Amino acid sequence: MSNNELTNTSDTPILRTENLCHVYQPGTPFEFAALNNVNIEIKKGEMAGIIGPTGSGKSTLVQHFNGLLKPTSGRVLVENQDINKREKKKRDKKSKDSEKPVCFKVGLVFQFPEYQLFEETVFEDIAFGPRNMELSPDEVNKRVYEAMEWMKIDAENMKDRSPFSLSGGEMRRVALAGVLAMQPSVLVLDEPTAGLDPRGCSELRDILRRLHSELNITLIMITHEMQEIARMVDHLIIMNKGEVYADGAPAEIFSNKEKIEALELGIPPAMELLNRLQQKGFNLKTNITGMEEAADEILKALK
Amino acid sequence: MNLLKDITIGQYVPGESTIHRLDPRVKIALSAVLMVLIFVVESYIGFAIIFGFLLLVTLLSGIQFRYVIRGLKPILFLVLITVVFNLFFAKGTLVVPQKIYGISLPITWEGLATAVRMAIRLILLVFSTSLLTLSTSPIQLTDAMENLLAPFKKIGIPAHELAMMMTIALRFIPVLIEETDKIFKAQRSRGARFGRGGIIEKAKSLLPILVPLFVHAFKHAEDLAAAMESRCYRGGEGRTRLRQLKITALDGWAFLFCGIIFSFVAWWNFYGKL
Amino acid sequence: MKEDNNLKKLIQIALLASVGAVLMLFQLPYPGAGWYKLDLSDIPALIGGCALGPWAGLAVVLLKNILFALFRFSPEELVGIPMNLIANGIMVVIAALIYQKTKTRINAALGISTGVIVSALSMIPANYFILPLFMKIFMPNVPVPGGETLLYMILFFTLPFNAVKGLITGILTFVIYKRIAIILRAEGEFELPAKQSEQASKA
């Protein structure tokens, strides 16, 4: 399966930022411009990756997507709606603090999400999100079971267990289910495979891929794993010092080796291998990121 | 709630000044004497000298005055109450006639004097303790405490263990604060709302933050215990230290200087006027 | 090994005191007196007492107060700190003693409630004796309210506040403890995100 084809996309970006700037602690000696005029577009159904050195603003950026952080200037638009715009229609006192529905369209999963578990049972914890959306108990029920199925959580065995009695991998899946149950159109994950063993990593990647292909959820991942990028991502954004450093298809971006190395980021191992072989005189294309394709390319060159 | 990140832990302002370099035990001892002095002294000249002394110390420490002022803010309310109570409720000879504009304001000379003195005392007290915590890091204070309590080991006070626990607790406060912030953000992203409704509801809404916070705390304890054990930590018996508290000439001078000033203040208090 | 368990216990106490210090930053307004805030920093000590025993709980109370003194020292804390030592201390010891006898949910609820009630009640004599002392030091010429007046003042002002704080502390402690007890029972085998021991999941 070619990972450079854009599947299930349309033309309107589902998520877009316009001249997004964010300054921490303005007007104090600790003032810090974390984001500087960031303009990005994520199309519906895309699998996007955000990478960059520490402090480049990746986390700050994604926290704007669901309204956790408000821009110092600039706009964040989800499905063409400015998520920070106050609604003009009159709201009664009770709903003054209610979360605007557009915020729930973007689900944010932080690093080591298992730490957000707090309820008595797995069921209750997954239900937390949907309940906060003020859905009916039946709807909440339905969503919890669906989410558990998606995350391959055995509902019968697990739903009444304490989340703290589970293994690390299971806890992570419960945490993810909790966000999935809110049925966001865009799922943002910060280092989704951090701390998992190789098998856990690949299981999680499979789940994410299926979510992408079957539910058409737009996926945005912050990651350090080049292989993850190579295998899964159609659209790559590189952040550096609060600005967009590169934005496009992974293969293109990675072929500009100097640019990548300037940031001390690696490139996918497969690509690295192809590059070195080319340097040694083999005639092959180097703008390939996937392992299997690289293997094919090498075989071709050996003939 | 991003203000969690802005909170300065404790009041310590790092520096290399004369005051910073004094042995913390000396600073604690001198502060203690000064505190007693502040409470005993009645004379205004005495207060003035003490104030001058504290200003000098502030100058020597290189710590900006605004940090000291910041320490005074919390007690303004207390000072106000003390002044009001002393002013209007004390017994003694009246300053003003019973009623002004139909309101009785029984201000007595004694009450007035006490009010002023108490206000001065409270301010001086906070000034001096602020200086102590501003110029001495919590770790130094803990070391000093361990050292000062060491002789009490004989009567069963576990000085070393207490100091170690203090150090660990101090060390993890910033970590826990940061983690609380992350937990807060994660739960907000799940639609959690805090601070709504009556007090019971408000308290319940804090569970998504409280439970993970405790989980984190126990996890840290787990990791730290493993780390210390694997480095063969065996408790306080015969343990040597990297940082050692040493009394230097500087401390000697500090003792001398303070000794002179404090003695003079005490003498003036009993034999001088005003 | 006993040594190792002791070390871990000490560290857990330290971390609980840390949580107490952090919780001082979370403040809820009292119902009816929104300007006066209550904090949740008594909870870790109570949890420590139930999980690790009465001495451990007391240690948490002590440490938390020392930490508090280091960060926010002001003369009014000369009253606040001893009060907290007494109030929280009593709460913790009673709850811990009752719960340690048999570690069941009912006992936990019983222990915590008894602890909270006795603690709130203990504030009556505590305030009765400490308040006049405080006034003698800071307001020497002011007549100290004695006997009945003082008692009424305490019953109407301090007791309700202490009761509400105790109630919230107790309820939250119980709920939190119910959920994390499984971690504590695992006797040192709790690790995130690695695998959990089988015993814990059967708990």
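1. Two cavities of 30 Å³ or more turn up in this structure. A cavity here is a set of points on a 1 Å grid over the protein atoms alone where a 1.4 Å probe fits but cannot get out. Keep in mind that this is a predicted model, where local features need pLDDT of at least 70, side-chain atom pairs count only at pLDDT 80 or more, and totals for chains, interfaces and linings use all residues. Side-chain values use heavy atoms, without hydrogens and water, and residues are numbered from 1 along each chain, with chains lettered from A in the order written.

2. The second largest cavity comes to about 40 Å³, a volume being the space filled by probe spheres set on the points, which are joined across faces, edges and corners. Its lining (residues with an atom within 4 Å of a point) includes A:Val109, A:Phe110, A:Arg172, A:Leu189 and A:Asp190. Helix 5 (168–180) and strand 8 (186–190) of chain A are the elements that give two or more residues to that lining; helices (H or I, at least four residues) and strands (E, at least two) are DSSP runs numbered from the N terminus.

3. By class, that lining has seven nonpolar, no polar and two charged residues. Ala, Val, Leu, Ile, Met, Phe, Trp, Tyr, Cys and Pro count as nonpolar, Asp, Glu, Lys and Arg as charged, and the others, Gly among them, as polar.

4. Now to chains B and C. Their contact (heavy atoms within 4.5 Å) takes 63 residues from chain B and 58 from chain C. Between them they bury about 5600 Å², 85% of it on carbon and sulfur atoms; buried area is the accessible area (1.4 Å probe) lost on putting the two parts together, summed over both. On the chain B side, B:Ile199, B:Phe214 and B:Phe218 lose the most area to chain C, together 14% of what that side buries.

5. The rule finds one salt bridge across this interface, taking a side-chain nitrogen of Lys or Arg within 4 Å of a carboxyl oxygen of Asp or Glu. C:Lys8 and B:Glu222 are the partners, at 3.6 Å from N to O. Helix 11 (207–230) is among the chain B elements that each supply at least two residues to the side touching chain C, and helix 11 gives the most, with 17 residues.

Key: 1 Å grid on protein atoms, 1.4 Å probe; cavity = no way out; pocket = protein on both sides within 12 Å on 5 of 7 lines; lining within 4 Å.
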